Amino acid sequence: MAYAQPFPLAQPVQKAQQPTFGPDLAVRLICPECRDPNPNIVEQFSSGDLVCGTCGLVLGDRIVDTRSEWRTFANDEGDDPSRVGAASDPLMEGMEQLDTAISFRDGGSGIARELQRAASRGSANRSERNLLVAFRDISNWCDQFSLPKTISDIAKQLYKRSDEEKLLRGKPLDAVIAACIFIACRQAHVPRTFREICNLTHVSKKVLGQCYKALEQAFNLTQGASTTADRHLTTPAAARGPEDLLVRYCNHLDLPPNVQPICADIIKKARELGIADGRSPVSIAGGAIYFTCHLLGKAKSARDISQVAGVSEGTIKLVYRLYYAEKERLVKEEWIKEGKADLGRLPMDNSNK
């Protein structure tokens with residue numbers, strides 16, 4: 001996964017190019033005795049010498065063993081081929097990734113706490129500590145929400161870029177993290193609603209919306225503003241279709257597999273006809289499921305759907321009434337001929353009268 005320049009700014013700032021210096025890769029080491037253009041140089045890590053494999057001349061001493069460390073430092077007997085430290089994180093490039101954990105066991109003297117404070121002050125500066133705390137919170141919240149590691153990595157990239165550019169200075173840390181997770185879910189095709197993110201992170205919908213709008217404008221995430229070929233990745237939450245939410249909702253309602261594709265076709269047809277325009281994706285998804293379940297004879301109550309979708313029963317029935325008024329145009333004739341659908345199963349909802 002590439003971390004070179006994630007989430008470039010909408011109008012990147014031109015910075016002066018700094019001169020870079022590196023080793024001369026054209027320099028080759030050959031044996032002064034053999035003078036072979038294709039030398040056979042052998043590194044003997046057991047003795048720490050650099051030896052010519054042809055004539056045996058020692059070319060260097062005290063070489064560093066760069067191989068993996070497989071020594072055993074466990075107190076118990078047995079093989080414990082453990083590495084020293086965790087794997088390097090590309091997101092933490094330039095920061096010290098190896099740290100020392102001080103035990104809490106000090107016999108009640110309080111020395112361990114003082115040592116921990118001293119180690120935290122000397123190990124990293126304030127910005128690095130805040131970044132580590134944010135990364136830990138992002139990982140914990142993604143685990144609680146059963147989100148894949150891909151979303152966690154995207155959210156961490158977005159948070160690091162926003163922290164470097166000081167885009168959300170003054171905003172609460174929880175709100176910034178919630179906005180990063182929300183955008184990461186949209187880009188990874190794992191849709192989550194504002195309400196679900198707010199319930200997970202305990203951030204108000206207003207503050208979450210402000211952070212999302214700021215990141216949306218800064219990183220050019222608005223619809224149609226992307227220059228890439230796949231603009232579906234940069235579409236904001238409001239522009240994503242409600243059919244993206246059908247998979248989870250149908251699974252939670254324990255519906256048969258044939259309900260979801262028919263429900264998605266009904267939503268697409270209603271969008272073409274302009275039915276229920278202006279409604280939120282969650283409302284449209286809940287109303288479409290209610291309409292499709294009765295159409296296919298797999299009736300589900302509005303209360304069950306409202307508990308899964310997180311909208312009121314009145315909102316679901318309102319969308320259902322809009323679909324019911326145009327039922328002949330929404331339901332395909334082939335569904336009726338094949339016996340899948342029956343318009344007579346649709347109940348007449350007179351709650352608004």
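1. Burial. Buried residues make up 36% of the 353 residues in the chain. Buried here means under 20% relative accessible area, exposed means over 50%, and partly exposed lies in between, with a 1.4 Å probe and protein chains only. This is a predicted model, in which local features need pLDDT of at least 70 and side-chain atom pairs count only at pLDDT 80 or more, while totals for chains, interfaces and linings use all residues. Residues are numbered from 1 along each chain as its sequence is written, and side-chain values use heavy atoms, with hydrogens and water left out.

2. Confidence. The average pLDDT of the chain is 78, and 77% of the residues score at least 70. pLDDT is the predictor's confidence in each residue, from 0 to 100. Residues 223-239 stay under 50. For that stretch the model has 23 contacts beyond four places in sequence. Contact means heavy atoms within 4.5 Å. Where pLDDT is low, the predicted coordinates should not be read in detail.

3. Overall make-up. The chain has 13 helices and three strands. These are DSSP runs numbered from the N terminus: helices are H or I with at least four residues, strands are E with at least two. Among contacts with a separation of 6 or more, 60% come from residues 24 or more positions apart.

4. Helix α5. Six of the eight residues of α5 are buried, so the helix is mostly covered. The buried ones are Phe194, Glu196, Ile197, Cys198, Leu200 and Thr201. Just after α5, His202 has a positive phi of about 60°.

5. Helix α6. Residues 205-218 form α6, which has 14 residues. From first C-alpha to last it reaches 20 Å, close to the 20 Å expected at 1.5 Å a residue. The expected span is 1.5 Å times one less than the number of residues. Its buried residues are Leu208, Gly209, Cys211, Tyr212, Leu215, Glu216 and Ala218. An α-helix has 3.6 residues a turn, so residues three or four places apart point the same way. The cover over the buried residues of α6 includes α3 (149-165), α4 (173-187) and α5 (194-201). Asn220 follows α6 with a positive phi, near 60°.

6. Lys213. This residue also belongs to α6. Lys213 is partly exposed, at 46% relative accessibility.

7. The structure holds seven aromatic pairs. Rings of Phe, Tyr and Trp (its six-membered ring) pair if their centres lie within 6.5 Å; planes under 30 degrees apart count as stacked, over 60 as edge-to-face and the rest as tilted. Phe182 and Tyr212 form an edge-to-face pair, 5.3 Å centre to centre with 85° between the planes. Phe182 lies in helix α4 and Tyr212 in helix α6, so the pair ties together parts 30 residues apart in sequence. Phe182 is buried at 0% relative accessible area. Tyr212 is buried at 7%.

8. Aromatic pair between α9 and α11. The rings of Phe291 and Tyr323 have centres 5.9 Å apart and planes at 90°, so this pair is edge-to-face. Phe291 sits in α9 (residues 281-295) and Tyr323 in α11 (residues 313-325), so the pair ties together parts 32 residues apart in sequence. Both residues are buried. Ring pairs link Tyr290, Phe291, Tyr320, Tyr323 and Tyr324 into a cluster.

9. Charge over a ring. Arg192 lies over the face of Phe145, at 5.2 Å from the ring centre. The rule asks for NZ of Lys or CZ of Arg within 6 Å of the ring centre and within 35 degrees of the ring normal.

10. His294. Helix α9 holds His294. The residue counts as buried, at 13% relative accessibility. Leaving aside neighbours within four places in sequence, His294 is in contact with Ala299, Lys300, Arg345, Leu346 and Pro347.

11. Cysteines. A disulfide is taken as a pair of cysteine sulfur atoms within 2.5 Å. By this rule the count is zero. The sulfur of Cys34 has its closest cysteine sulfur in Cys55, 3.5 Å away, too far for a bond. Cys34 is partly exposed, at 31% relative accessibility. Cys293 is in no disulfide either; the nearest cysteine sulfur is that of Cys250, 6.9 Å away. Cys293 is buried, with a relative accessible area of 0%.
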